[in-house]
Amino acid sequence: MILLTGFEPFGGDSVNPSWQAVGGAAALLRGDGLDVETLELPCVFGESARVLEATIDAIHPRIVVAVGLAGGRSRMSLERVAINVDDARIPDNQGNRPIDQDIVRGGPAAYFTTLPIKAALRNLQIEGIRAEVSQTAGTYVCNHVFYSLMKTAAGKTGIRAGFIHVPYLPEQVLNGSSIPTMALDEMVWGISVVVRTALQTTVDEQFAAGAIH
């Protein structure tokens, strides 16, 4: 079983490309005969983590790939690390705005992805999809979900899990804007490449994909 998650719209947007891309990727993977479930998460601190954990407990996935929007980024971001802090620049969809709060009191400072992100990056580049390894998932609901996901996965056997950020869709940006975008088809294919890589890769590759700052 594979679980793919995206988010509902937030911050005044009418769509969230993460949810649209997850639906498309699930259809592609099902076409390959894979068992895939999708879940739209609320953009709400706390509730999003509870919904995700309950779903994992119910369906027992082997692979979980959570996807969220990172407006302003130009590439699919394969997130390396989730940190134990909520620090919201804007309120979530229920008006919550935690600042400098632990996600899990007394929890580890961070969790690392267990997806083979270097091998996935290589395969995405081969496919001509703009991608990167990212060293920060932010401090908003995406990071909250990523941290909670990895905490849940750490307490179970046989789950590989991680988080991907995607850019804006072209239709979310005004004509003539310099804000980077990515076509939905590219996101869909990219997520499917990451999942297939996770299914096929036991030990991740090692090559430089870090950041100087």
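The model is predicted, so local features need pLDDT of at least 70 and side-chain atom pairs count only at pLDDT 80 or more, while totals for chains, interfaces and linings use all residues. Residues are numbered from 1 along each chain as its sequence is written, and side-chain values use heavy atoms, with hydrogens and water left out. Helices (H or I, at least four residues) and strands (E, at least two) are DSSP runs, numbered from the N terminus.

**Helix α4**
- Buried means under 20% relative accessible area, exposed over 50% and partly exposed in between, with a 1.4 Å probe and protein chains only.
- Among the buried residues of α4 are Cys-142, His-144, Phe-146, Tyr-147 and Met-150.

**α1 against α5**
- Helix α1 (residues 17-31) packs on helix α5 (residues 184-200) at about 55°, and their axes are 8 Å apart. That makes α1 oblique to α5.
- Axes here are lines fitted to C-alpha atoms, for helices over the stretch in contact, and angles run from 0 to 180 degrees between N-to-C directions. Under 35 degrees counts as roughly parallel, over 145 as roughly antiparallel, 65 to 115 as roughly perpendicular, and the rest as oblique.
- The α1/α5 crossing is right-handed. A crossing is right-handed if the near helix is turned clockwise from the far one by less than a right angle, and left-handed if anticlockwise.
- Residues making the contact (heavy atoms within 4.5 Å) include Gln-20, Gly-24 and Leu-28 of α1, plus Met-187, Trp-189 and Arg-196 of α5.
- By class, this contact has 12 nonpolar, 3 polar and 1 charged. Ala, Val, Leu, Ile, Met, Phe, Trp, Tyr, Cys and Pro count as nonpolar, Asp, Glu, Lys and Arg as charged, and the others, Gly among them, as polar.
- Arg-196 sits in α5 and is buried at 19% relative accessible area. Not counting residues up to four places away in sequence, Arg-196 touches Leu-28, Leu-29, Asp-32 and Trp-189.

**α3 and its surroundings**
- The axes of α3 and α5 come within 9 Å and cross at roughly 135°, so the two helices are oblique to each other. This crossing is right-handed.
- On the α3 side, Ala-119, Ala-120, Asn-123 and Leu-124 meet Gly-190, Val-193, Val-194 and Thr-197 of α5. The tally is 5 nonpolar, 3 polar and no charged residues.
- Lys-118 is one of the buried residues of α3, and the cover over those buried residues includes β4 (76-79), β7 and α5.
- After α3 comes Gly-128, with a positive phi near 80°.

**Loop residues**
- Arg-130 lies in the loop between α3 (117-126) and β7 (131-134) and is partly exposed at 29%. Leaving aside neighbours within four places in sequence, its contacts include Ser-74, Met-76 and Glu-186.
- Most residues other than glycine have a negative phi.
- His-60, not a glycine, has a positive phi of about 55°; it is in the loop between α2 (47-59) and β3 (63-69) and is exposed at 60%.
- Asp-100, not a glycine either, has a positive phi of about 55°. Its loop runs between β5 (81-83) and β6 (110-112), and Asp-100 is exposed at 59%.
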